[in-house]
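This report looks at how side chains pack together in one structure. Please keep the sequence and the model in view while reading.

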2 protein chains.
Amino acid sequence: MSMITSTQKLEAALTEIAAAGDEGRRIFTRVYANEARAAAKAADARAASGKPLGPLDGRIVSIKDLFDVAGEATTAGSALLRDAEPAARDAVVVSRLRAAGAVIIGKTNMTEFAFSGVGINPHYGTPGNAKDAMCIPGGSSSGAGVSVARGMAEIAIGSDTGGSVRIPSALNGLVGFKPTQARVTREGAFPLSFTLDTIGPLCRSVADAAAADSVLAATAHEPLPQRNVRGLRLGVARGLLFSQADGEVLTAVEQALERLAKAGANISNEALDDLLGEPFRLQERGTLVAAEAAWIHRQWADSQPDAYDPIVLGRIRRGQTLDAASYVGIQQARAALLPALDARMAGLDALLLPTVPMLAPRIDAVQNEEVFLRTNALLLRNPSVFNFFDLPALSLPLPRGNGLAVGLMLVGRRGADRDLLALGAAVERELGQH
Amino acid sequence: MSMITSTQKLEAALTEIAAAGDEGRRIFTRVYANEARAAAKAADARAASGKPLGPLDGRIVSIKDLFDVAGEATTAGSALLRDAEPAARDAVVVSRLRAAGAVIIGKTNMTEFAFSGVGINPHYGTPGNAKDAMCIPGGSSSGAGVSVARGMAEIAIGSDTGGSVRIPSALNGLVGFKPTQARVTREGAFPLSFTLDTIGPLCRSVADAAAADSVLAATAHEPLPQRNVRGLRLGVARGLLFSQADGEVLTAVEQALERLAKAGANISNEALDDLLGEPFRLQERGTLVAAEAAWIHRQWADSQPDAYDPIVLGRIRRGQTLDAASYVGIQQARAALLPALDARMAGLDALLLPTVPMLAPRIDAVQNEEVFLRTNALLLRNPSVFNFFDLPALSLPLPRGNGLAVGLMLVGRRGADRDLLALGAAVERELGQH
């Protein structure tokens, strides 16, 4: 396609990182300049000989700082693990990326232990939003989103437990994809929630998301099936998940829906709040994420509480108060709710909604803990519903001129990840034509 | 095979129940004489016309009192649910039994909520052991075991969360089979533990167990593959699960092992206590079963504590004290332990051990709560390990003359339930020849 070599792209990305100075160090916690140059050179040689490894060969990829890289401590955005035992081997997804020829440029900054959607990190600093550096980047894959939006990587690999791929994608104007949980192995990724963690890409196009997804999932590289907007059955539930929304977000989303309708999509109003509200009602006294994090952090939370971001520690402490019976009850209710929503969505190709209901707030506005917690809850609200229901979800950037970014979330059917990506490519094409 | 009709067998069984008087009412909480007669007649008509439905057609089957039967309250051995809302439909396994032509003679008594292995029930009485009515029947499928051993049914369907099929099989001289959990749907069975509950048969031969299992699992009816004892690789771990054993139990098991060795089986000593002891170490502060029961019983335990067997309530109360993080930790550890034991058993066809390490104690000896709890723990010890590891397990009766019964447990590979049954048939044949 392009005649630009991997080496040229890598050098341009490294130049961007260097030019950003301290901000570069808030976006990347590590830069692998030498290894990346060797990988780019090898990819260029394969390209020159007409034998590329696949669609990710020679692409510039950043990885979130919770994936194991052999020989390095995996900090997961924490001070606590800065001097942890080095990982014995690469995370499985990192191995797959390397085997596919990806040029891993560095590790990106994140919320401590991936446990919030704002993107603030008191230990390694907070990268500014790519649209306006005074604003939050979104999290927990904060550096991941900014790395792609600022041209420091073509594709970032993040993790998403309650929106951590989709929130920074929405707030930085990117495509972000959270797969069905079982699609991508989490081996070698520092866990937040065994039940809800997923791994997916942040990038500039659905085609790139599909290419990255096929490598992460270790499936065959095939182009996405061609789909048209005409005739797509798109459901919109203008209730709970459209509430408390910024006017600009609603406007952008409604304009996109109008365009899709004009292009022949069948857009239906769906009343789903009885089900979409269940994750919140069920988890009022404590969440699956917090209970599972309480297990993962049981020793450190007692032995080194001062090493934590106090807000993250507070959420872990809350998880410690949940009783096992209530946890079992949430899991049982969830097992019954999944097929209930599946049945209600059976007549739809996708559900459409704002990825997050707000524009990125300013970093200085979320320093107050109460504001932080309210903002965090609202950022996580929409994305987290589809971790709970284990449905694949894709955030697409909406046309916005030079302002802050708005994301449109498309939610598909469990296990039909490629169908959702194909549908997303059709929507992306339609929205990009105007 | 036999020319005895289903109707004749049914009448003989009904006569046994009636002849047992009050004891019959402690074994069966319900007898479906009329429906059973109609079912037997239909089966006889199919047999006469040469069109039987399969190996269970016309067989006399009892079901444990925790399976839903449409239109009846499912008491699960409790007083609490005596007047519960009637079940809307049959449990799936009950439907499958009916569709296979089984003649369901009645519902059998059980430990309250299936929550102990002794078989005592303060509400509906305690059936005496079929070998000696002064002794415990074993539980929780107490009536199930006694119903078959006393000729009141040919096959009993029980549930097994920590041994509830295998313990009464061992103590009443029967074959008992606990499948891999995923093999048989639990829909319509009153739950004890979502993680560990399984459904399986108690009967007089491995062939009957295999026939019942294929109906419960809704797989095609096929005869078991023929296997020989010669060359079987049988592992024996004479450690933790051989400890605290009655001399008579050890003698019977060692004699059986000698016979199998003489017949050409390769019997190897296996050191597995590091793994087999893990379920106990992990669950010292609280068990998966107790935590899940605490969820299931959360409302009744508060609103109607006096309706419970105090010993069952005590175990539920203990489950209420476990925190969610510890529960998550047990589940995570279990997920890692399963493949660890699989790997260590990879070179074996089966593991062999005493089903329970004791002969049935006298009912009057377990009235003391401390003795009860110690006995219960020892009865559950060996079987429960293989619920934890989710491996199929088969208990075979050992030749014992007229004394109390001893069971030999064969443990197979997860999902290879039919292989274990085939192997069990070979062992049964060999041990029956002497």
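Is Trp300(B) buried, partly exposed or exposed? Trp300(B) has a relative accessible area of 25%, so Trp300(B) is partly exposed, given that buried means under 20% relative accessible area, exposed over 50% and partly exposed in between, with a 1.4 Å probe and protein chains only.

## About the model

This is a predicted model, in which local features need pLDDT of at least 70 and side-chain atom pairs count only at pLDDT 80 or more, while totals for chains, interfaces and linings use all residues. Residues are numbered from 1 along each chain as its sequence is written, chains are lettered from A and ligands numbered from 1 in the order in which they are written, and side-chain values use heavy atoms, with hydrogens and water left out.

## The nonpolar core

In soluble globular proteins, nonpolar side chains tend to be buried together. Here the largest nonpolar core has 250 residues, where a core is a set of buried Ala, Val, Leu, Ile, Met, Phe, Trp, Tyr and Cys residues joined through side-chain atoms within 4.5 Å. The residues with the most contacts inside this core are Phe67, Leu97 and Phe386 of chain A, together with Phe67(B), Leu97(B) and Phe386(B).

If residues up to four places away in sequence are not counted, Phe386(B) touches several residues, including Arg166(B), Leu241(B), Leu351(B) and Met409(B); contact means heavy atoms within 4.5 Å.

## Aromatic rings

Rings of Phe, Tyr and Trp (its six-membered ring) pair if their centres lie within 6.5 Å, and planes under 30 degrees apart count as stacked, over 60 as edge-to-face and the rest as tilted. By this rule there are eleven aromatic pairs over all chains. The rings of Tyr327(A) and Tyr327(B) have centres 5.5 Å apart and planes at 55°, so this pair is tilted. Each of the two lies in helix H14 (residues 324–344) of its own chain, so the pair joins two chains; helices (H or I, at least four residues) and strands (E, at least two) are DSSP runs, numbered from the N terminus. Both Tyr327(A) and Tyr327(B) are buried.

The pair of Phe190(B) and Trp300(B) is stacked, at 6.3 Å centre to centre and with 25° between the planes. Phe190(B) belongs to the loop between strands E5 (175–178) and E6 (198–203) of chain B, whereas Trp300(B) is in helix H12 (residues 298–303) of chain B, 110 residues apart. Phe190(B) counts as buried, at 18% relative accessibility.

Helix H8 (residues 247–262) of chain B has 16 residues and reaches 22 Å from its first C-alpha to its last, close to the 22 Å expected at 1.5 Å a residue, the expected span being 1.5 Å times one less than the number of residues. The buried residues of H8(B) are Val249(B), Ala252(B), Val253(B), Ala256(B), Leu257(B) and Leu260(B). These residues cover an arc of only 135° around the axis, which puts them on the same side of H8(B); the arc is that of the directions from the helix axis to the C-beta atoms. On the other side of H8(B), Glu258(B) and Lys262(B) are exposed.

In helix H3 (residues 33–48) of chain B, the buried residues are Ala36(B), Ala40(B), Ala43(B) and Asp44(B). They fall within an arc of 100° when seen down the axis, so they line one face of H3(B), and they pack against helix H1 (6–19) and strand E3 (103–108) of chain B. The face of H3(B) turned away from its buried side carries the exposed residues Asn34(B), Glu35(B) and Lys41(B).
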